[in-house]
Amino acid sequence: MGITSRAISIGAESYSYSFGEDCLADIAEGIAGLQADTLVFVTDDTVLGLYRPIIERLSGSTPAIVLSHRAGESMKTLACLTDHLERALRAGATRRSVVVAFGGGVPGNLAGLMANLLFRGVRLVHVPTTTIAAMDSVLSLKQAINSPVGKNHLGTYYAPTAVYAEVRLFATLPLDELRSGYCEMAKNCLAIRPAALDRLRAIIAAGELAAPAALTWLLDASIEAKSAVTRNDTHERRSGLVLEYGHTVGHAIEICDHRVRGSAGIAHGAAIAVGMLVAAHISHARGWLGDDEVSAHYEIITGLGVEPCLPPTVSVADVLAVAQDDNKKGYLEARPESLPFVLLRGLGRPAMTGDLPLVHVSIQEIREALEVIAQPSPAASMAGRRLTAAAIPAAHGSARRTRHQGV
Ligand SMILES: NC(=O)c1ccc[n+]([C@@H]2O[C@H](COP(=O)([O-])OP(=O)(O)OC[C@H]3O[C@@H](n4cnc5c(N)ncnc54)[C@H](O)[C@@H]3O)[C@@H](O)[C@H]2O)c1
Ligand SMILES: [Zn+2]
């Protein structure tokens, strides 16, 4: 109960992140303390439908403008941004206004850009209502919307004045959304902070993903893990790249599945969880990860209820085609038939090229690892149960046979 505050430092920027259970009164007090002349809330229709009284409570006696849009990624557009900006200005926003992002990462990104653009910069406060927003996007200065050509193409870096999270607001999240946050935490544990794995295992074993105490830990542990790699990396272009673990293949799986199933496709967290399995198999084939370390990936990921295989709508060839456009291209000198990739040499030990946690991985290595997980395996039907190394021998063995020496 109550509120905990952590100081977040990203390069030269710093802000406070306060979070807890039953802390709405503290959040309202914090927002009132900013002495804004107007609060410009940015949210979506689903969140507004659930939490309008909370928005009213957080505004207190400060005049508020509430801007809402349809829920979902399709609203991260220049058109929606322009519309919100115009409505804010017509409703009387000034240099002393504070933009309050109240919702998931989509309202958060739109609000971040609005705060940056209004009068060349007004104050920004995040009140995240999804686990992804609370433990990922608000711990980053990146603010972006999508162009018709691709995701997050139009953006900037902008720091909030403060972040406030009330974990009880996550109670209404669909399971897939809740799980996505825990999948990102699995990434943080496997790639950055393996010491946090035991607590994650305990939460999974107790089936307590939605418990306020577990969610408070999720935020605290994410802050610790993400801050460790972004503290000296404002733009997430050096040490922060380790946060891309599982994302090269995971993003490709997400894109391919959403092309077929639209918004009913695989959730971001589940997709990157499968991407981490692919990365683990590549590391295993190189002799960089042992059986136990690959098993730890399976144990956590299936424990979170993610099927450790490609969705039936997605083929190995589709994933490889999309992965070629991955946004980490350009960080390492180009090599034919290979991609920059985050791989581990042990839990919490990314493989480095110079000061970048990236290595070249050949398309052939990715294909072989994808083929291992392409089909639902016995492991898939064991989702939720603890796996031992012996439980994944077939998949494991075939990756092992295609051993590549490290580069
Ligand atoms: N800046 C960054 O570094 C960064 C990091 C991670 C993600 N992101 C961005 O964030 C977006 C994904 O975030 P997201 O998953 O929060 O998306 P989102 O904002 O679309 O929220 C997901 C869904 O959950 C609903 N929702 C939100 N809060 C709810 C609640 N408390 N109860 C019930 N439903 C609720 C929303 O209406 C929406 O349908 C992407 O656009 C991604 O690019 C940015
Ligand atoms: Zn992610």
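The model is predicted, so local features need pLDDT of at least 70, side-chain atom pairs count only at pLDDT 80 or more, and totals for chains, interfaces and linings use all residues. Residues are numbered from 1 along each chain as its sequence is written, and side-chain values use heavy atoms, without hydrogens and water.

The chain holds 15 helices and 11 strands. These are DSSP runs, with helices (H or I) of at least four residues and strands (E) of at least two. Buried residues make up 57% of the 407 residues; buried means under 20% relative accessible area, with a 1.4 Å probe and protein chains only. The C-alpha atoms fill a box of roughly 65 × 45 × 40 Å along the principal axes.

Ligand 1 has 26 residues around it, each with a heavy atom within 4 Å. Glu73, Gly105, Thr129, Thr130 and Thr172 come nearest. Helices α2 (45-59) and α4 (105-117) each supply at least two residues of this shell. The shell divides into 9 nonpolar, 10 polar and 7 charged residues.

Polar contacts (pairs of N or O atoms within 3.5 Å) follow.

| Residue | Part of residue | Distance to an oxygen atom of ligand 1 |
|---|---|---|
| Lys151 | side chain | 2.9 Å |
| Val106 | backbone | 3.0 Å |
| Glu177 | side chain | 3.4 Å |

Taken alone, ligand 1 exposes 860 Å², and the protein buries 85% of that. Accessible areas come from the Shrake-Rupley method with a 1.4 Å probe.

Key:
Chains lettered and ligands numbered in written order. Polar contact = N/O pair within 3.5 Å; in protein donor to acceptor, adjacent residues only side chain to side chain. Nonpolar A, V, L, I, M, F, W, Y, C, P; charged D, E, K, R; others polar. Buried < 20%, exposed > 50% of the residue type's maximum accessible area, 1.4 Å probe, protein only.
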